[in-house]
Amino acid sequence: PIQDTRVQVLKMAGNKRIEASICADSMNRIAVTNDRITQIFGDEGTFESQNDEATGQVFLKPTVENGSKSLSLTLITEQGVTQDLTLK
């Protein structure tokens, strides 16, 4: 059985940083509706990520070294949307 499937749906806001809560010790899925994430940037060593080329989704989790500190990331989509994120 799947446990605790918290889903957050956030509206993209290219002109401001949006915040989301993530799980610190397992993979978190990030997807953009009707678009594909092509790149994700953040401070090196603060997170691990895997890209799903087929769907354009990204799976990420904070590194042990990052601990419970927030992640500051920027993602860019196939359609050219750039979004800054703070993941807590």
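Q: Where is the place of threonine 63 in the chain?
A: Threonine 63 is in the loop between β5 (57-62) and β6 (71-77). Strands (E, at least two residues) and helices (H or I, at least four) are DSSP runs, numbered from the N terminus. The model is predicted: local features need pLDDT of at least 70, side-chain atom pairs count only at pLDDT 80 or more, and totals for chains, interfaces and linings use all residues. Residues are numbered from 1 along each chain as its sequence is written, and side-chain values use heavy atoms, with hydrogens and water left out.

Q: Why does threonine 63 count as buried?
A: Buried means under 20% relative accessible area, exposed means over 50%, and partly exposed is in between (1.4 Å probe, protein chains only). Threonine 63 has 9% relative accessibility, so it counts as buried.

Q: Which residues is threonine 63 in contact with, leaving aside its neighbours within four places in sequence?
A: They are Gly45, Thr46, Phe47 and Glu48. Contact means heavy atoms within 4.5 Å.

Q: What is glutamine 8 in contact with, beyond its neighbours within four places in sequence?
A: Glutamine 8 is in contact with Ala20 and Ser21.

Q: What makes β2 and β4 edge strands?
A: Two strands pair if DSSP finds at least two bridges between them. An open sheet of three strands has the order β2-β5-β4, with antiparallel pairing. In it, β2 (28-30) and β4 (47-52) each pair on one side only, and these are the edge strands.

Q: How do you know that β2 and β5 pair?
A: The pairing rule asks for at least two bridges. β2 and β5 have three bridges, in the antiparallel sense. Asparagine 28 stands opposite leucine 60 in β5.

Q: What makes a set of residues a nonpolar core, and how many residues has the largest one?
A: A nonpolar core is a set of buried Ala, Val, Leu, Ile, Met, Phe, Trp, Tyr and Cys residues joined through side-chain atoms within 4.5 Å. The largest one has 15 residues, and Leu60 is among those with the most contacts inside it. β6 gives the most to this core, with three residues. Leaving aside its neighbours within four places in sequence, leucine 60 is in contact with residues including Ile30, Ile40, Leu73 and Leu87.

Q: How many helices and strands does the chain have?
A: The chain has zero helices and seven strands.

Q: Why is the chain called as compact as a globular protein of its length?
A: The radius of gyration is taken over C-alpha atoms, and the globule rule is 2.2 Å times the number of residues to the power 0.38. For 88 residues the rule gives 12 Å; the chain has 13 Å, which is close, so the chain is as compact as a globular protein of that length.

Q: What share of the residues counts as buried?
A: Of the 88 residues of the chain, 31% count as buried.
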